Amino acid sequence: MVSLYDGGIYLVNGTEIVPEAEAAKVKALTGKDADKESARKGTIAYSILEQHNVSGDMEHLKLRFDAMASHDITFVGIVQTAKASGMEKFPIPYVLTNCHNTLCAVGGTINEDDHMFGLSAAKKYGGIYVPPHIAVIHQYMREMMAGCGKMILGSDSHTRYGALGTMAVGEGGGELVKQLLRDTYDVAYPGVVAIYLTGQPMPGVGPQDIALAIIGAVFKNGYVKNKVMEFVGPGVASMSTDYRNGVDVMTTETTCLSSIWRTDEDTESYLSLHGRGDDYKKLDPADVAYYDGCVYVDLSTVKPMIALPFHPSNTYEIDELNANLGDILRQVEKEGEKVGGGRASFTLTDKIVNGKLLVQQGIIAGCAGGNYTNVIEAAHALKGRSCGCDEFSLAVYPSSQPVFMDLVKKGAVSDLMAAGAIIRTAFCGPCFGAGDTPCNNGLSIRHTTRNFPNREGSKPGSGQMAAVALMDARSIAATAANGGVLTSALEFDCWDDVPAYEFDHTAYDTRVYQGFGKGDESQSLIYGPNIKDWPDMSALSDNILLKVCSRIMDPVTTTDELIPSGETSSYRSNPLGLAEFTLSRRDPEYVGRTKEVDKLEKARVNGQDPCGLAPELTAIFDQIRQIPGQENVKVMDTEIGSVVYAVKPGDGSAREQAASCQRVIGGLANITKEYATKRYRSNVMNWGMLPFQMDAEPEFEVGDYIYVPGIRSILDGDLKDIKAYVLGDPVKEITLYIADMTPEEREIVKAGCLINFNRNRSQKQ
């Protein structure tokens with residue numbers, strides 16, 4: 001079904017795969033010897049990166065993007081940061097969508113206040129503003145902004161428009177701020193992995209099935225981590241562009257950096273339909289292209305899939321699951337015990353009724369599930385059938401108003417409603433825990449992007465726990481037609497009769513504010529009472545003292561665990577208010593611990609001896625002065641901050657708050673074995689925290705102090721073999737290191753955060 005090549009490959013004429021070890025075959029096919037360095041330049045990714053790189057060095061890229069996008073959880077903080085850094089206008093098209101805090105359902109006026117702030121920012125700085133319910137962020141960008149050969153940066157991890165020939169990257173807000181200031185996105189040239197598609201999907205197999213098959217094969221082994229996934233091969237042509245979009249958006253769950261697809265006449269038709277035919281150009285790899293790996297996917301062998309809780313990589317064929325329900329579900333229940341942590345329980349085997357799995361809810365929504373083709377196919381499966389009047393329910397969220405309008409015209413909406421489905425507007429809530437939360441101990445099957453713990457909105461800390469399994473819209477519809485009994489789409493015979501989509505731009509013409517290039521500096525930003533400026537953060541001192549405030553030994557720590565999604569999103573325009581939720585689902589005592597450390601640092605900065613607030617520091621500094629070379633260390637010259645140890649943090653969302661929430665309440669560093677994603681590590685650095693790593697097991701516990709001398713000088717060096725000291729009796733020396741940082745990243749951390757760095761720079765100019 002899906003197989004991985006061990007090592008690099010040459011792709012010849014777009015169809016012949018030659019393993020690097022058999023490079024001599026390239027000459028037999030082309031008449032020329034294989035030239036690896038030349039062939040590296042033959043990928044689609046290389047050509048696009050080269051066009052956007054301003055460094056003159058393709059090994060160390062400095063990229064400028066063509067457009068950007070943010071939603072209403074992230075754009076307030078980005079605009080506030082850029083404003084504090086001296087931004088006067090949006091230099092490139094910047095789309096502000098309102099698809100996350102859309103419902104304005106909690107927190108009083110604060111969500112709509114954020115929306116009004118976004119509109120005022122679009123007017124002042126020259127942006128594009130998409131009001132609530134009009135479109136989810138990625139559907140709008142597909143329909144109106146993506147184009148062949150472009151690059152787009154978004155403050156959402158699922159920023160992926162590769163099926164339209166656009167290399168798109170999801171990053172934390174700091175990276176978008178850099179683009180607003182006409183700085184660059186700095187990254188080493190990434191590896192490029194071929195996703196070679198052959199065959200064509202069986203009727204009833206949808207884009208989520210293809211995506212889950214790939215994710216299941218590559219996530220755990222990191223095969224495409226921080227690389228570009230380049231979709232090539234004859235199988236691309238077997239899928240419509242709308243279908244390809246549904247596969248492409250899920251590449252985020254592999255932890256890749258970006259994605260790109262070869263383009264063809266169907267891509268051109270899609271762009272022309274949306275009034276942007278001029279944005280089409282044919283993208284194909286060169287006659288000989290070298291890739292750092294290859295994922296071979298025979299589309300004809302992929303069957304309907306399910307990703308069980310609590311990760312998109314926990315994949316099974318639905319038929320395989322149904323044949324082994326008890327064994328497989330008991331394994332998931334063991335994971336559920338870890339997630340619940342004794343505060344809540346979750347069971348699955350009790351949902352086996354007469355040998356079949358009965359689920360409680362189905363959702364088809366967002367940038368992955370709410371596409372036209374998915375909803376049309378779901379409507380065909382449910383036409384003339386019923387979801388039933390028992391506990392199972394189904395909700396469908398079309399991805400944009402234009403999609404919704406055509407579904408109405410085609411009769412799909414009435415067919416779904418007649419079957420008992422609830423139709424909602426464009427909203428990302430089911431993807432991050434803010435919409436259609438199922439009942440306690442409920443299992444929801446969703447064609448959305450993620451099924452991390454609590455992504456469905458439950459609260460284990462309050463004894464409430466549910467879970468999500470990811471599936472394609474077609475199998476969800478088949479399950480709905482069977483009253484909630486888990487059913488593969490292959491049991492139905494109603495697929496592949498999809499009428500042509502008719503795009504109507506009227507909803508955008510009448511409601512979207514198009515302000516790019518029309519900024520009016522005289523306009524004022526509209527602030528609600530919950531919109532707060534970033535608090536001051538101090539510059540890095542020569543020596544630092546870190547107090548361990550959390551120690552997480554799980555194999556992976558998601559951004560949802562670092563800062564919860566869901567109801568907390570209402571507070572994301574209030575840095576200190578949101579920070580109260582940091583690690584609340586994983587380590588509820590963390591906030592109290594780090595705030596005590598923050599009091600010590602604030603006292604020091606204000607000229608007050610922190611030893612007066614924490615008498616233990618007197619003994620700690622006595623120990624520090626026993627370290628060779630540290631005899632004259634002074635308390636008032638040593639920055640004090642908290643540190644989180646996690647084995648592998650940062651899988652999941654791009655939102656910068658996963659790092660900024662630590663920083664604003666005293667965080668000064670992370671120590672890890674590795675970072676799950678580049679974007680989380682970038683967020684750590686942009687918020688002035690040190691991205692330490694260590695190979696050894698941590699020889700420290702929560703409450704211990706770690707002293708790191710000469711850190712500013714270390715940031716000027718090679719970042720290897722950093723000596724640190726766990727204080728106690730005895731003092732233990734440990735070795736840390738920091739993976740390579742760009743010169744700008746080093747200076748940002750020294751300055752204390754990106755805002756300070758930009759302020760310092762502007763004062764020097």
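Student: Is Phe-427 buried or exposed, and how is that decided?

Tutor: Buried means under 20% relative accessible area, exposed over 50%, and partly exposed in between, using a 1.4 Å probe and protein chains only. Phe-427 has 3% relative accessibility, so Phe-427 counts as buried. Tyr-397 is also at 3%, and is therefore buried. This is a predicted model: local features need pLDDT of at least 70 and side-chain atom pairs count only at pLDDT 80 or more, while totals for chains, interfaces and linings use all residues. Residues are numbered from 1 along each chain as its sequence is written, and side-chain values use heavy atoms, with hydrogens and water left out.

Student: How many aromatic pairs are found in the whole structure?

Tutor: A pair of aromatic rings is described by the distance of the centres and the angle of the planes. Rings of Phe, Tyr and Trp (its six-membered ring) pair if their centres lie within 6.5 Å; planes under 30 degrees apart count as stacked, over 60 as edge-to-face and the rest as tilted. The search gives 17 aromatic pairs. In one of them, Phe-90 and Tyr-94 are edge-to-face, at 5.0 Å centre to centre with 70° between the planes. Phe-90 is buried at 3% relative accessibility, and Tyr-94 is buried at 0%. For Tyr-397 and Phe-427, the centres are 6.4 Å apart and the planes are at 45°, so this pair is tilted. The pair links distant parts of the chain, 30 residues apart: Tyr-397 is in the loop between strand S21 (393–396) and helix H15 (401–409), and Phe-427 in the loop between strand S22 (422–423) and helix H17 (429–432). Helices (H or I, at least four residues) and strands (E, at least two) are DSSP runs, numbered from the N terminus.

Student: Which residues form one aromatic cluster with Phe-90?

Tutor: Tyr-94 and Tyr-125 form one cluster with Phe-90.

Student: What does His-100 touch?

Tutor: Contact means heavy atoms within 4.5 Å. Not counting residues up to four places away in sequence, His-100 touches His-71, Asp-72, Ile-73, Asp-156, Phe-427, Cys-428 and Phe-432. His-100 lies in the loop between strand S6 (94–97) and helix H5 (110–125), and is buried at 8% relative accessibility.

Student: Which residue lies over the face of Phe-346?

Tutor: A charge sits over a ring if NZ of Lys or CZ of Arg is within 6 Å of the ring centre and within 35 degrees of the ring normal. Lys-351 lies over the face of Phe-346, at 5.2 Å from the ring centre.
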